[in-house]
Amino acid sequence: MRKDVLIIGGGATGAGIVRDLALRGVECALLEMGDYCHGASGGNHGLLHSGGRYVVTDPPSAMECAKENAILRRTAPFCIEGTDGLFVSLPGDDPSFADPFLKGCKGSGVPAEELTAKEALSAEPGLSAEALRCIAVQDGSIDPFALVQANVDSAREAGAMVRNHCRVTDMVLEGGMVVRVKALDRRSGEILTIVPEIVINAAGAWAPQVAAMAGCEVAMGLDQGSMLVVDGRLCGHVVNRLRPPSDGDITVPNHTATVLGTTSRPAASPEDVAPSRNDMELLLRETSAMLPALRHCRVVRAYGGVRPLPGRGGRGASRTFSLITDERAGNLLSVVGGKLTTYRLMAERVSDQVCNALGARAGCRTRTEPLGPPADEAGGSVALARLRRKYGFKATTVSLADQRMLCSCEQVLRAEAQMVLAGPDALTLSDVMRRTRAGMGYCQGLDCALSLQELMMEAGGTEPLASLTEFLEERERGQALASGDQLRQEVLRRHVLQGVYGLGERE
Amino acid sequence: MSEVLVVGSGAAGLFSSWLLARDGWPVIVVGKGTPSSAMSTGCLRRMPEACHEKALNFLADEGMPMVTGERTGISKLGTPFECWLSPSHSTWGPEGAPGSVTVVGFQGHPSLHPNLISSVLGHQGIRARPLTLPSTLPPDIPLTALFRDEGAWEGVATEVQRTEGGTVHLPAFLSRRDYWRLDWLERQCGRTVLEAVTPLEAPGQRLLDLMRARAIEAGASIWDGRTVTSLTVENGSVRTAIVRGGLEVREMEVGALVMATGGALVNGLGLNGRELVDPFNAFKVLDDGDVLRGGYATKEGRLVSRSGNVVRNAAGAGDCVRAPCKGYGDGLPHAFESAWTAVKALEGA
């Protein structure tokens with residue numbers, strides 16, 4: 001099939017580009033090998049940056065973050081919580097960091113205000129009493145799965161073809177151009193052939209592999225970061241450490257949980273995401289210095305992601321992005337780097353360049369066009385407001401006639417899963433989980449996995465054991481470091497799923 | 001004669017009490033909560049070596065007959081479940097494998113998933129059809145709520161009779177008292193009726209009910225909702241225990257002790273991070289980094305003090321005892337075997 005633009009990779013970058021182009025009337029397609037967000041777009045702490053983190057070390061990134069933060073709060077309010085953020089310094093932190101920080105905020109256009117100790121404690125009562133200086137910024141939390149899905153939905157509505165679980169297997173080159181791209185659709189097992197004018201490689205950490213199919217090279221540093229999910233919201237704000245970017249310097253309240261982040265080490269491959277016991281201990285130690293209650297919390301899950309950074313990567317690498325072209329494949333454009341917060345800007349710039357090359361004139365519409373309903377839309381019920389937070393415009397398509405719960409940990413209705421299953425994107429149990437949050441709580445799917453799979457069978461699913469096993473393995477990866485009550489839960493879970501149902505590896 | 005104190009009222013504690021009480025010992029069982037036997041499938045996956053005849057005798061029940069041998073059932077996921085002992089409607093023997101199955105579930109209720117199970121059975125070459133009966137029962141209310149009157153049972157019998165032949169696969173929700181219903185249903189619709197092998201629900205609870213009834217029959221006293229808060233060990237023997245429950249605090253002399261507190265799963269052993277610890281701080285615990293297999297160190301059934309000496313009148317049984325083979329599905333057989341070893345050790349002393 002002929003397309004003006006083929007985008008490879010369904011993370012925030014790819015989804016942002018396909019939406020931007022589709023809204024400009026460009027005929028385009030996006031193929032994602034797993035589910036959307038299966039790379040760094042899902043493996044992060046769900047932070048909507050104010051820019052504060054980068055004002056001292058990387059002002060251009062900070063500036064971009066500040067602008068995009070404001071745009072996203074306007075266009076995608078449903079998946080954002082405007083929690084605001086605090087930057088807090090503790091005894092032992094370099095006291096000379098706060099002033100350049102404030103100055104940097106001013107210079108980069110990042111709104112910031114210093115709070116007195118009293119103000120800080122009244123804003124965030126769980127904050128350590130030892131906090132020395134506290135600067136408030138406009139950080140927020142964002143649900144990357146909902147954000148990317150909203151981009152996909154919007155692109156589809158504008159006419160784009162978007163498919164997940166569709167892996168590009170082959171590129172055919174003629175005269176220094178990619179003329180055909182072949183992909184395997186996991187759903188049907190069919191091979192798709194796409195004849196594109198331009199190919200955009202937005203495969204994140206997998207970009208070098210995609211480029212290699214066209215005989216090109218993309219230099220990229222892979223950097224692993226670990227995060228912990230803690231049960232309950234132990235802070236009202238995003239709480240950052242007021243010091244140069246370092247390990248364990250942030251806690252983000254999101255949905256029903258708090259996410260502690262992050263660490264940094266070189267990654268061997270895009271799949272090298274596993275957190276270590278050291279990471280977990282470090283994250284708990286560092287973040288509980290800011291919020292002492294974290295010392296006694298229940299860690300529900302540990303996970304990791306791989307940051308694809310331009311050049312050689314590492315903490316020092318700029319978080320801006322770059323576009324790489326290569327004469328060996330003249331119509332292949334690789335997008336490298338960037339951040340979740342600035343995905344839209346990145347998509348706009350790439351789309352500008354693509355439209356230039358295609359001779360299309362339409363301008364970018366994503367700066368103003370809403371991705372979802374406003375957060376405080378009047379007239380709706382509380383139930384609907386909760387659904388809106390996960391499903392945006394699609395919230396109203398969830399039937400509230402059947403109020404029965406599917407997942408009691410995360411309070412997910414059966415009807416939510418049914419709505420998701422009726423859509424084109426959910427192939428596996430994990431796909432439903434990412435969209436509904438069913439299975440993300442304490443019991444990590446023990447209670448709801450079978451019920452969820454039954455719903456999938458009702459919707460025409462065919463391979464229950466493969467789907468359950470995949471889900472089980474993914475949940476299990478997050479439990480490798482479980483301790484205390486969560487370890488008990490994990491032992492029970494394995495007894496039941498592996499011991500009784502014979503799922504996964506049997507001892 | 002001082003009492004034998006059994007700490008823990010799960011499978012290991014109850015089997016030990018039954019054995020001891022039948023031999024004429026005064027036995028007090030102290031239990032604080034839900035043991036893991038109540039979360040089990042109510043089936044034993046393998047024969048407990050050395051004591052299987054005793055175990056069969058212990059679990060003999062008229063209302064809910066147990067069957068043994070090489071048995072196979074269908075799990076709640078539709079996968080094959082092999083075991084040595086189960087209630088009669090949970091499994092079939094070597095000759096009785098069903099050729100076709102009707103899987104009965106209640107719409108939107110998690111007790112059984114007919115489409116899922118039918119598909120999984122289909123992949124094993126068993127012809128299976130889902131039969132989803134209408135229901136608006138919330139998922140956290142057990143199915144018993146739908147079967148309070150005779151009419152509901154008649155209704156299910158009628159629905160089942162309408163389907164084309166084969167074995168009927170039902171959710172497992174009946175208590176020990178109501179187990180006869182399955183025989184009734186079998187007669188009523190002329191089909192073999194099979195319950196799904198189900199953890200965390202009725203089968204584990206009714207196995208526990210059965211074991212409790214048997215221990216009480218044999219003469220053991222069960223003190224529920226109580227906790228042993230401390231133990232004194234003097235000259236290599238346990239002397240006294242403090243038992244608390246509600247407003248009651250009782251210090252008692254201990255003739256002999258059986259620790260059957262369960263493993264980390266039910267809090268019978270403490271967890272310090274990922275390390276197993278003895279909540280009484282009296283006995284040696286070994287875990288080799290494996291929470292599942294770790295537990296109290298024993299020497300021929302008897303517990304070992306923290307300093308490494310054998311405690312003369314204290315034995316360990318069940319999940320709280322370290323065992324090299326204890327793994328998924330091995331909890332109950334291990335409970336029976338270790339209880340047998342514990343009782344022999346105490347009676348020999």
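**Two chains, from overall dimensions to single residues**

Let me begin with charge: in chain A the mean positions of the 55 positive and 61 negative charges are 2 Å apart. Please keep in mind throughout that what we are looking at is a predicted model.

Staying with chain A, its secondary structure consists of 14 helices and 22 strands, and along the principal axes its C-alpha trace spans about 65 × 60 × 50 Å. If we take the contacts in chain A with a separation of 6 or more, residues 24 or more positions apart account for 72% of them.

Chain B can be described in the same terms. Buried residues make up 57% of chain B, and its accessible surface is about 14000 Å², of which carbon and sulfur atoms contribute 47%. Among contacts in chain B with a separation of 6 or more, 66% are between residues 24 or more positions apart. As for charge, chain B carries 33 positive and 37 negative side chains, and the centres of these two sets lie 2 Å apart.

Strand E10 of chain A, residues 166-174, runs antiparallel to strand E11 of chain A, residues 177-185, and eight bridges join them. Within this pairing, A:Glu174 stands opposite A:Met177 in E11(A). The two strands form a hairpin with two residues between them, and A:Gly175, which sits in the turn, has a positive phi of about 55°. E11(A) is in turn paired in the antiparallel sense with strand E12 of chain A, residues 191-201, over four bridges, and here A:Val181 stands opposite A:Ile194 in E12(A). E11(A) and E12(A) also form a hairpin, in this case with five residues between them, and A:Gly189 in that turn has a positive phi of about 80°.

Let me close with two individual residues. Is A:Thr342 buried or exposed? With a relative accessible area of 3%, and given that buried means under 20%, A:Thr342 is buried. A:Thr342 is placed in the loop between strand E20 (329-337) and helix H8 (343-358) of chain A, and, leaving aside neighbours within four places in sequence, it is in contact with A:Glu64, A:Cys65 and A:Glu68.

The other residue is A:Glu470, in helix H13 of chain A, residues 464-477. A:Glu470 has 29% relative accessibility and therefore counts as partly exposed. Which residues does A:Glu470 touch, not counting those up to four places away in sequence? They are A:Arg186, A:Thr428 and A:Ser430. Finally, A:Glu470 and A:Leu503 are 33 residues apart along the chain, and their C-alpha atoms are separated by 9.9 Å.

Terms used: Residues numbered from 1 in each chain as written. Chains lettered and ligands numbered in written order. Predicted model: local features only at pLDDT ≥ 70, side-chain atom pairs only at ≥ 80, totals over all residues. Heavy atoms only, no water. Buried < 20%, exposed > 50% of the residue type's maximum accessible area, 1.4 Å probe, protein only. Contact = heavy atoms within 4.5 Å. Areas by Shrake-Rupley, 256 points an atom, 1.4 Å probe, with all protein chains shown as cover. Lys, Arg positive; Asp, Glu negative; His and termini not counted. Charge placed at Lys NZ, Arg CZ, Asp CG, Glu CD. Pairing = 2+ DSSP bridges.
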